[in-house]
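This report concerns the packing of helix pairs in a predicted model. Two packed helices are described by the angle between their axes and the distance between the axes.

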Amino acid sequence: EVASVPATRRVRLAALAAAGRLDEARSVGEALLDELGSEPEVVAHLMNAAIQARDIEQCGRFAELVPVSTDPMLLRVRAQYAGWRRDYEETLRIASILRSSPEGSDGWCDGVIMAVKALGALGRSDDAVRLAEAGMEACPRLRDDCLLQAQYCKDLRRVHRYRDSTRAATVAAARRMSVSATDRAAVTTTVGRAWYEAGDLQRTIRWWQEAATGHRRVGNTREQIIVLTNLCQAYREAGRPARALAVGEEALAEARATGFAAAEVVVLGNLGDLALQQGDVAEARARWEAAHRRSREVPAALDRSEHTRRMARLALAQRSSAAPRLVREALEAVPDGADHDDDRARAHGLEAILAASDGRVDDLEAIEARAVELARRESNGPLLAELRIDLAEAWLEVGRHDLALDRALLVRSFSEEFGRQPLVSRAERVIEALERACQ
């Protein structure tokens with residue numbers, strides 16, 4: 001009988017599983033299985049140990065020990081396993097079983113959390129947000145659940161509710177010690193992303209530093225590389241080039257050592273952006289071209305629109321005769337659909353710079369209207385600031401000092417509040433140029 005098993009052995013198994021100490025958990029768990037047969041709770045702990053240790057093959061072998069079960073603990077772990085395999089429809093199926101439990105019960109709440117995560121992973125963020133909000137209305141304790149709030153934060157960001165996203169991030173961050181070390185690293189990654197989208201680089205850097213350390217401790221090298229790549233970008237935007245370079249080179253070395261080609265492409269692009277910001281055009285071109293060459297081996301790693309925008313910006317900075325062609329290609333490379341409105345806005349920003357260099361004031365007004373409308377539709381403060389500084393410089397070039405000053409002041413105010421020093425510097429250069437012109 002299960003009741004005859006000493007409680008200490010179950011407690012030890014659960015603790016070993018949560019810590020991802022797979023070999024020790026397997027030793028304790030298999031001894032229990034020899035006594036009890038394929039007992040669902042023991043199998044659930046063994047599967048959890050494999051998940052925490054990131055051993056998907058071993059997790060699958062444990063799952064085969066109890067192919068069918070209605071045990072809530074085992075269902076929860078099987079849903080995690082399905083999500084790990086990216087079988088989100090299976091996760092939804094298991095979540096539906098759990099949600100048949102009485103409303104507000106542990107099983108029902110677990111079903112809501114799993115379904116929200118699966119819907120988000122399937123790209124159904126609107127559905128995920130609605131389910132999360134209905135779940136919190138029906139069961140208020142879900143408002144303090146770390147994993148639900150982290151996923152809710154992600155989906156709010158995807159539907160452009162950035163302020164709500166940071167509120168969910170704050171709750172998830174406060175509750176992060178209630179989850180496993182692996183989940184905690186994922187949560188802090190999400191929290192950092194929420195603050196990045198909100199424009200607050202100081203908070204972004206703080207949370208991504210914690211996330212990188214967390215992923216390193218649990219041996220999740222790929223996620224660590226992704227976070228380091230993002231940190232490189234955040235440090236660059238915060239005006240900390242030495243840290244950006246150090247973190248970027250670390251990410252690049254790790255990506256190459258582990259064969260993570262997609263991350264290698266992204267970090268090369270980020271290092272090129274850093275070089276251009278520092279005025280090293282040759283280094284920027286070399287980094288971007290290396291990223292482009294590598295991306296041919298992993299096409300999903302770098303979309304064509306990003307590369308063409310970078311090369312167009314470089315041509316505009318150098319006043320190259322190729323600039324009109326490259327700007328046109330940057331506009332044409334943006335995929336159709338509302339999901340790419342941010343890329344389209346950035347391409348229009350380049351179009352505005354080109355119009356200014358050609359003295360096409362009427363075109364510049366129309367381009368600005370299109371670009372700002374797209375950025376506002378995205379509700380993306382950092383994007384709007386980046387766009388407005390391009391527009392400020394464009395209006396300065398055509399002699400519309402009133403419009404240039406208006407845009408530059410808006411950018412400086414936003415960027416000073418959120419620590420975006422390179423944008424502050426660009427805004428101040430425009431303001432200084434206007435002051436000289438008025439003397």
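## Helices α9 and α10

The crossing of α9 over α10 is left-handed. In this predicted model, helix α9 spans residues 146-158 and helix α10 spans residues 162-174; their axes lie 8 Å apart and form an angle of about 160°. Angles over 145 degrees count as roughly antiparallel, and α9 and α10 are therefore roughly antiparallel to each other.

On the α9 side, the contact is made by Cys146, Gln149, Ala150, Tyr152, Cys153, Leu156 and Arg157. The partners on α10 are Tyr162, Asp164, Ser165, Ala168, Ala169, Val171 and Ala172. By class, the contact of α9 with α10 comprises 10 nonpolar, two polar and two charged residues.

## Helices α12 and α13

Helix α12 (residues 201-217) packs against helix α13 (residues 221-237) at an angle of about 160°, and the two axes are 9 Å apart. The helices α12 and α13 are therefore roughly antiparallel to each other. The crossing of α12 and α13 is left-handed.

From α12, the residues in contact are Leu201, Thr204, Ile205, Trp208, Gln209, Ala211, Ala212, His215 and Arg216. They meet Glu223, Gln224, Val227, Leu228, Asn230, Leu231, Ala234, Tyr235 and Glu237 of α13. The contact of α12 with α13 divides into 10 nonpolar, five polar and three charged residues.

Definitions and conventions
Residues numbered from 1 in each chain as written. Predicted model: local features only at pLDDT ≥ 70, side-chain atom pairs only at ≥ 80, totals over all residues. Heavy atoms only, no water. Axes fitted to C-alpha atoms, helices over the stretch in contact; angles between N-to-C directions. Helix = DSSP H or I, 4+ residues; strand = E, 2+ residues; numbered from the N terminus. Parallel < 35°, antiparallel > 145°, perpendicular 65-115°, else oblique. Left-handed = near helix turned anticlockwise from the far one by under 90°. Contact = heavy atoms within 4.5 Å. Nonpolar A, V, L, I, M, F, W, Y, C, P; charged D, E, K, R; others polar.
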